[in-house]
Amino acid sequence: MRKAWPMLGMVLALGAMGVSGSRMARPAEQVSLRPLASKVEQYAKIEFQIAVPGAYQNPFDPDEVAVDLEIQTPGGRRLVLPAFWYQPFERRIFPDRRPADWVYPAGPAHWRARFTPTEPGPYQAVARCTDRTGTRTSPPVRFVLSLIHI
């Protein structure tokens, strides 16, 4: 069951935009960026899931692969945030056994990035993956953090 986050005056409107320009990467080579929330409060965390094509022997080695989230703020600042390798887990408790707690993978590992918006207005996010073959970017994701006047 998903946990519902209360709205305290902020709305996040998301919309993924297409790739511009005459050259588009093949789907197998495309980096994709997906926000994991549709609404967020000012100063609250929003997470992004980043799909990167290919597999890497050591995703923790930035010399092998580096994944970043680039944010353009409403004030015009460009922020570059490092993404991290994320493995979801599920905790199971077995009261009749020792050890009583076990942790199991609960889905495939993937890249994630976290960001906390601080100023109302339009934002744009782009994921960037750099490895030995070069740098690939995702289509931009735009979102607007708007104050709600009650």
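## Aromatic contacts, strand pairing and core

Arg112 lies over the face of Tyr86, 3.9 Å from the ring centre. A charge is taken to sit over a ring if NZ of Lys or CZ of Arg is within 6 Å of the ring centre and within 35 degrees of the ring normal. The charged end of Arg92 likewise sits over a ring, that of Tyr104, at 4.6 Å from its centre.

The model is predicted, with pLDDT of at least 70 needed for local features and 80 or more for side-chain atom pairs, while totals for chains, interfaces and linings use all residues. Residues are numbered from 1 along each chain as its sequence is written, and side-chain values use heavy atoms, with hydrogens and water left out.

Rings of Phe, Tyr and Trp (its six-membered ring) pair if their centres lie within 6.5 Å; planes under 30 degrees apart are stacked, over 60 edge-to-face, and the rest tilted. By this rule there are six aromatic pairs. One of them is edge-to-face: Trp85 and Trp111, 5.3 Å centre to centre with 70° between the planes. Trp85 belongs to strand S6 (residues 84–86) and Trp111 to strand S9 (residues 110–115), so the pair ties together parts that are 26 residues apart in sequence. Strands here are DSSP runs of E with at least two residues, numbered from the N terminus.

Residues are called buried under 20% relative accessible area, exposed over 50% and partly exposed in between (1.4 Å probe, protein chains only). Trp111 is buried at 6%, whereas Trp85 is partly exposed at 31%. Trp102 and Tyr104 form a stacked pair, 6.4 Å centre to centre with 20° between the planes. Trp102 is partly exposed at 38% relative accessible area, and Tyr104 is partly exposed at 28%. Phe48, Phe115, Tyr123 and Phe143 form one aromatic cluster.

Two strands pair if DSSP finds at least two bridges between them. An open sheet of four strands has the order S2-S3-S9-S6, with antiparallel pairing. S2 (32–35) and S6 are at the edges with a single partner strand each, so one side of each is left without a neighbour in the sheet. Neighbouring strands of this sheet are turned by 40° against each other on average, direction ignored; the axes are lines fitted to C-alpha atoms, and angles run from 0 to 180 degrees between N-to-C directions.

| Strands | Bridges | Bridged residues |
|---|---|---|
| S2 and S3 (residues 46–51) | four | Leu33 and Ile50 |
| S10 and S12 (residues 141–147) | five | Gln124 and Arg142 |
| S10 and S11 (residues 134–137) | four | Arg128 and Thr137 |

S10 and S11 form a hairpin with two residues between them.

A nonpolar core is a set of buried Ala, Val, Leu, Ile, Met, Phe, Trp, Tyr and Cys residues joined through side-chain atoms within 4.5 Å. The largest nonpolar core has 22 residues, of which Leu33, Phe48, Ile50 and Val67 touch the most other members. S3, S4, S9, S10 and S12 each give two or more residues to this core. Not counting residues up to four places away in sequence, Val67 touches Ile50, Val52, Pro82, Ala83, Trp111, Arg128 and Cys129, where contact means heavy atoms within 4.5 Å.
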